[in-house]
Amino acid sequence: MSEAEPAARGWQVLDATGRPIGTVDDVFADYLLVRTRSWLPVDLYVPVTEVTHADQAETVVLAAQNEREAYQRWHRPLKKAPHD
């Protein structure tokens, strides 16, 4: 994610294939808090290093291939900052 195109609350989050995962619930220095779109929403703690694309169309694309992979990788809070 570049400095010129930061994500913001409410932006749509897609997997690497373009399918929707959820929305950005909050933005922190090292990660995005993503709320999934399922009937039982889950919070994902996605390191900014795993964002492959963010654009002015208010869309963020993650490195995960699908929602299940995203859940497996990021459903728990980060133990340390991604840059450590």
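Q: Which residue of β6 is the bridge partner of H53?

A: Two strands pair if DSSP finds at least two bridges between them. In this predicted model, H53 has V61 of β6 as its bridge partner. Strands here are DSSP runs of E with at least two residues, helices are runs of H or I with at least four, and both are numbered from the N terminus. The model is predicted, with local features requiring pLDDT of at least 70 and side-chain atom pairs pLDDT 80 or more, while totals for chains, interfaces and linings use all residues. Residues are numbered from 1 along each chain as its sequence is written, and side-chain values use heavy atoms, leaving out hydrogens and water.

Q: In which sense do β5 and β6 pair, parallel or antiparallel?

A: β5 and β6 are antiparallel and share four bridges. β6 also runs parallel to β1 (residues 12–14), to which three bridges join it; there, L14 has V61 as its partner.

Q: Which residues lie on the two faces of β6, and are they buried or exposed?

A: In a regular strand, side chains alternate between the two faces of the sheet. In β6, T59 and V61 lie on one side, V60 and L62 on the other, and all are buried. Buried denotes a relative accessible area under 20%, exposed over 50%, and partly exposed in between, with a 1.4 Å probe and protein chains only.

Q: Which residues touch the most other members of the largest nonpolar core?

A: A nonpolar core is a set of buried Ala, Val, Leu, Ile, Met, Phe, Trp, Tyr and Cys residues joined through side-chain atoms within 4.5 Å. The largest one has 16 residues, and V13, L32, L44, V60, L62 and W74 touch the most other members. At least two residues of this core come from each of β2 (20–27), β3 (31–36), β4 (43–47), β5, β6 and α1 (67–74).

Q: With which residues is L44 in contact, leaving aside neighbours within four places in sequence?

A: Contact means heavy atoms within 4.5 Å. The partners of L44 are I21, L32, L33, V34, T36, A70, Y71, W74 and H75.
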